[in-house]
Amino acid sequence: MDARFMVFGVQHAGKTTFAAALWHLVDSEEIPTALKKGKHSGDFSYLEEMSQSWADGFEVERTASAQVENICINLVHASSGSEMELEFDDLSGETFENAFSTRFCPEKFVELVRNAQGILLFISASRTNDSVTILDAFDAEEDEAQPDAEASAWNPAKAPLQVQLVDLLQCLQRPPFEKPPLKIAVVVSAWDLAPPEVADAGKWLEDRYPLLSQYLHNSKSVTDVRVYGVSAQGGKLSKRRDGPGPDRQRLLEITPPSKRVSIIGPMASEHDLTAPLLWLAGLEIVN
């Protein structure tokens, strides 16, 4: 492969739905995409299963089996012949959360980081109460003025998401990773749930996750950053076993299914989820 990119994100960040929608886009070729499906070998039944659930208008579920690990989608840039590999080491996001709370991670994750030339960082617009602002300091002062309560052990899982992500990104510069500076494409998933008045995903990140945004734009470990808003599902769905979700019928009426996908961001076509990868690979053509 000419380049490898890794998916980075905690649980419920939209990685699974993105993988299913991306596979459908490049496999079906229903609409033009900047990158095409590359050569694949091995067992890709799980990707096919996810893609079929997505196409049928059901929530894409993550399996607990081992086949969820090491999911790879190979892509090719037709005009240049450049090939790339997008690696989903852990669709559940548990690897990242465990690394933050325990300070340990699997050896295969270390190897994945070392081989990556760029990162696709996922955050969901559906999450709430993740921000850290100066108001938190005032709240802490008020808490100190209150009568002492029984102390409880600190729970790393309750740390704000942006604190966890900045910490993990900083760790990539230290042993055992020691990763050189690299490009990061931020994917704000569930973009259809973002406030309708917000038209720019970069501004959303700046307002919603100021600590993370400032780190990405000012850290010497990041050579460049872009932010994309992505709606890979298009609405509220339910698991297949629970029957049709509230938006299933509306989504099924959109043809071809690939047009359910929407993405906003620099140089991104309306339905093309390969745009962030094209940028990470340095293959954009600026007119």
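Student: Which residues in α3 meet residues in α6?

Tutor: Keep in mind that this is a predicted model. On the α3 side they are Phe96, Glu97, Ala99 and Phe100, and they meet Val163, Gln164, Asp167 and Leu168 in α6.

Student: What classes of residue are in that contact of α3 with α6?

Tutor: Sorted by class, the contact has five nonpolar residues, one polar residue and two charged ones.

Student: And at roughly what angle do the axes of α3 and α6 cross?

Tutor: The axes of α3, which covers residues 94–102, and α6, which covers residues 161–171, cross at roughly 85° and come within 10 Å. Angles from 65 to 115 degrees count as roughly perpendicular, and α3 and α6 are therefore roughly perpendicular to each other.

Student: Switching to the sheet: what is the order of its strands?

Tutor: This is an open sheet of eight strands with mixed pairing, and the order runs β2-β3-β4-β1-β5-β6-β7-β8. The edge strands, each of which pairs on one side only, are β2 (36–37) and β8 (262–264).

Student: How many bridges join β1 to β4, and do these strands run parallel or antiparallel?

Tutor: Strand β1 (residues 3–8) and strand β4 (residues 83–88) run parallel, and four bridges join them.

Student: Which strands does helix α4 touch?

Tutor: Helix α4 (residues 107–115) packs on the sheet and touches β1 and β4, with its direction at about 125° to that of β1. Helix α7 (residues 201–208) also packs on the sheet, where it touches β5, β6, β7 and β8, and its direction makes about 105° with that of β7.

Student: New topic, then: how many aromatic pairs are there?

Tutor: The count comes to seven aromatic pairs. In one of them, Trp23 and Phe44, the ring centres are 5.8 Å apart and the planes are at 5°, so this pair is stacked.

Student: Where do Trp23 and Phe44 lie?

Tutor: Trp23 lies in helix α1 and Phe44 in the loop between β2 and α2, so the pair ties together parts that are 21 residues apart in sequence. Both Trp23 and Phe44 are buried.

Student: And what about Phe109 and Phe177, stacked or edge-to-face?

Tutor: Phe109 and Phe177 are edge-to-face, at 5.9 Å centre to centre with 85° between the planes. Phe109 lies in helix α4 and Phe177 in the loop between α6 and β6, so their pairing ties together parts that are 68 residues apart in sequence.

Student: Which residues do ring pairs link into a cluster?

Tutor: That cluster consists of Phe8, Phe96, Phe109 and Phe177.

Technical notes:
Residues are numbered from 1 along each chain as its sequence is written. This is a predicted model: local features need pLDDT of at least 70, side-chain atom pairs count only at pLDDT 80 or more; totals for chains, interfaces and linings use all residues. Side-chain values use heavy atoms; hydrogens and water are left out. Axes are lines fitted to C-alpha atoms, for helices over the stretch in contact, and angles run from 0 to 180 degrees between N-to-C directions. Helices (H or I, at least four residues) and strands (E, at least two) are DSSP runs, numbered from the N terminus. Angles under 35 degrees count as roughly parallel, over 145 as roughly antiparallel, 65 to 115 as roughly perpendicular and the rest as oblique. Contact means heavy atoms within 4.5 Å. Ala, Val, Leu, Ile, Met, Phe, Trp, Tyr, Cys and Pro count as nonpolar, Asp, Glu, Lys and Arg as charged, and the others, Gly among them, as polar. Two strands pair if DSSP finds at least two bridges between them. Rings of Phe, Tyr and Trp (its six-membered ring) pair if their centres lie within 6.5 Å; planes under 30 degrees apart count as stacked, over 60 as edge-to-face and the rest as tilted. Buried means under 20% relative accessible area, exposed over 50%, partly exposed in between (1.4 Å probe, protein chains only).
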